[in-house]
Amino acid sequence: MKRDKSVTWRREDAASLDLRGMQVAVVGGTGGIGRAFSRFLASRGASVVVVGQTFRDSAIPQIKFVKADLSLMSEAQRVGRALPAETLDAVIFTTGIMAGPKREETAEHIERDMAISYLSRLVILREIAPRLGMGRPAARVKPRVFIMGFPGNGQAGDISDLNAEKSYGRWAAHMNTVAGNEALVLAAARRYRNAGFFGLNPGFIKSDIRSNLFGGRTMLYRFIECMTGLMSASAEEYVERVAPLLVTPDIEGHSGAMFDRKGQAVLPSPKLTESSYADAFIAASEALVSKAGVRVAA
Ligand SMILES: NC(=O)c1ccc[n+]([C@@H]2O[C@H](COP(=O)([O-])OP(=O)(O)OC[C@H]3O[C@@H](n4cnc5c(N)ncnc54)[C@H](OP(=O)(O)O)[C@@H]3O)[C@@H](O)[C@H]2O)c1
């Protein structure tokens with residue numbers, strides 16, 4: 001990944017952040033990195049809504065739960081409509097799985113990784129983006145949306161087979177979601193001026209996300225997660241590094257920027273900076289969502 005030297009921000013100690021009064025939604029905030037975000041933000045005084053399947057933080061009063069199966073586009077649309085976008089200061093998307101050895105399809109006939117890790121975000125984002133900031137007092141920074149994936153890695157995806165129907169490979173299927181999330185950041189940054197849109201690449205973090213990749217909690221999975229845990233930051237360490245991005249005034253005016261595991265700005269993948277390509281990717285994604293009987297909000 002190449003550094004983006006045009007975007008810099010002054011590091012602030014996460015422990016000194018005072019986030020009282022801040023309202024944040026973490027879509028995928030019930031597990032892994034999203035959960036580390038929601039717990040950290042609540043510990044600094046923010047009010048947090050988490051969306052996911054299993055709530056694990058009912059003992060923390062500042063964290064509220066919206067239950068949803070985001071493999072379904074109809075559920076994503078319901079969540080998008082229900083979120084109080086007007087008053088949110090930040091939205092973080094961390095929902096995700098990794099495609100498994102065999103192609104899995106949702107009840108709406110969408111490849112499962114594509115549905116959960118990318119298309120559900122597209123549907124929610126379209127519902128909330130026009131409303132962001134509309135019921136919020138003027139502030140130093142616009143509301144911010146952070147989309148987590150693996151941006152900056154040069155993945156362009158395969159627009160002609162987003163549903164992995166012509167051929168299936170777990171990496172190719174997952175890389176379609178990686179490219180989609182990057183396209184989503186760049187297209188939203190061009191489309192909506194009322195908020196800032198940013199990509200987050202956490203690098204490798206020990207979490208549950210790879211369990212499906214190896215077809216379950218196999219010996220290989222356990223070995224890889226053990227090595228990942230030894231060699232990389234924990235979800236909590238990563239969140240402490242990047243949480244100040246939620247509020248720093250330094251990235252205002254840099255909508256569309258992507259940040260690596262250390263929070264340094266990196267350049268987007270070259271193919272996705274071609275606006276015609278990113279737009280074609282989004283159009284193909286909308287067409288796939290419509291197969292599920294859901295119309296992506298204009
Ligand atoms: N960990 C890494 O090494 C790594 C590397 C690069 C990028 N990333 C990206 O970082 C993001 C977060 O990954 P993670 O490692 O934190 O994964 P994780 O530990 O598996 O957490 C995934 C989150 O997604 C939610 N989720 C999964 N399926 C869902 C469904 N059908 N409906 C609703 N929510 C669902 C989970 O909620 P429930 O538990 O409630 O189902 C959980 O909150 C993903 O975008 C991933 O691609 C991670």
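Author: A polar contact here is a pair of N or O atoms within 3.5 Å. The model is predicted, so local features need pLDDT of at least 70 and side-chain atom pairs count only at pLDDT 80 or more, while totals for chains, interfaces and linings use all residues. Residues are numbered from 1 along each chain as its sequence is written, and side-chain values use heavy atoms, with hydrogens and water left out.

The side chain of R56 has an N or O atom 3.1 Å from an oxygen atom of the ligand. At the side chain of D69, an N or O atom lies 3.0 Å from a nitrogen atom of the ligand. M148 takes part through its backbone: a polar atom there is 3.3 Å from a ligand oxygen atom. The protein buries 91% of the 900 Å² that the ligand exposes when taken alone (accessible areas by the Shrake-Rupley method with a 1.4 Å probe).

The shell around the ligand consists of 30 residues, each with a heavy atom within 4 Å of the molecule. T30, I33, Q53, T54 and S207 come nearest. By class, the shell has eleven nonpolar, 14 polar and five charged residues; Ala, Val, Leu, Ile, Met, Phe, Trp, Tyr, Cys and Pro count as nonpolar, Asp, Glu, Lys and Arg as charged, and the others, Gly among them, as polar. Two helices, α1 (32–43) and α3 (112–128), each supply at least two residues of this shell. Helices are DSSP runs of H or I with at least four residues, numbered from the N terminus.

The ligand sits in the largest pocket.

Terms used. A polar contact is a pair of N or O atoms within 3.5 Å; within protein, one must be able to donate a hydrogen and the other to accept it, and residues adjacent in sequence count only if both atoms are side-chain atoms. On a 1 Å grid over the protein atoms alone, a cavity is a set of points where a 1.4 Å probe fits but cannot get out, and a pocket is an open set with protein on both sides within 12 Å along at least five of seven lines; lining residues have an atom within 4 Å of a point. A molecule sits in a cavity or pocket if more than half of its atoms lie within 2 Å of its grid points.
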